[in-house]
Amino acid sequence: MRFKFVVATSPLFVATHIPRANYMIKHKEKYTEQQRYDFAMKIENHMRRRARTKTDVFGRENLPQDGGYIMYANHQGKYDALGIMLAHPKPCAMLWEEKSADRLVARQVCGLVEGTTISFEDPKQQIGALKTIAERVKDGKPYLIFPEGGYTDNKNELQEFKSGCFSCSLKSKTPMVPVVIYDSWRSMDTNTFEKVRTQVYFLPPIPYEEYGKLRKHDVCELVKKRIQEKLDELKEADPRR
């Protein structure tokens, strides 16, 4: 209900900004990467405000200053990518599930940030998508990936991680940045209209020197463990427990 409210109360915004976004995507040569990213963040920030959500951000100093890297985050709901990308200080791309990326607004944001889509039904396409990400990250592009692949009603609990996406880091040999979101599910996946406060934590990066000799499954478990430890810490300190 909350997400539907965000969409239903934004007809004027959608009518003016979606055509503009489509034009920018079609004529990328007229705009810098930063201009396109800023417009995408303008759209996302509007959705954040309509969802009556504020996000506290911690650990920006942990983000590598130079070169590409991949942020691996836990997944809780529709607000997750908004919360992380709005907290990220410079342009980054994201791995999107193909069907989700084809929805109104998501399609425009994906195009503006030059995200990569992946099909859960097509293994060959998956290999190509992950290869593309590895190449782009190696060339200096930060990326956001949700290794859980999707979300159910998991709230602040982790689901199973898909180890395949960690091949992007093993191939690009770039730092991995574990990202923890907390209470993100409350923003657009509830039936209330109360104000919501979520949290984003950028944890210390894991350099290739630390994980490069590990198997893909073990790299996956390494990142999952870092995220789980932070989630446990946050839940332990949560006064609502």
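Q: What is the relative accessibility of Asp189?
A: This is a predicted model, in which local features need pLDDT of at least 70 and side-chain atom pairs count only at pLDDT 80 or more, while totals for chains, interfaces and linings use all residues. Residues are numbered from 1 along each chain as its sequence is written, and side-chain values use heavy atoms, leaving out hydrogens and water. Buried means under 20% relative accessible area, exposed over 50%, and partly exposed in between (1.4 Å probe, protein chains only). Asp189 counts as partly exposed, and its relative accessibility is 29%.

Q: Which residue forms a salt bridge with Asp189?
A: A salt bridge is a side-chain nitrogen of Lys or Arg within 4 Å of a carboxyl oxygen of Asp or Glu. Here the N to O distance is 3.4 Å, and the partner of Asp189 is Lys78.

Q: How many residues apart in sequence are the parts that Lys78 and Asp189 tie together?
A: Helices (H or I, at least four residues) and strands (E, at least two) are DSSP runs, numbered from the N terminus. Lys78 lies in the loop between β2 (70-73) and α4 (80-87).

Q: Is Asp183 buried or exposed?
A: Asp183 meets Arg186 in a salt bridge at 3.2 Å, N to O. Salt bridges with shared partners join Asp183, Arg186, Asp238 and Arg240 into one network. Arg186 is partly exposed at 26%. With a relative accessible area of 3%, Asp183 is buried.
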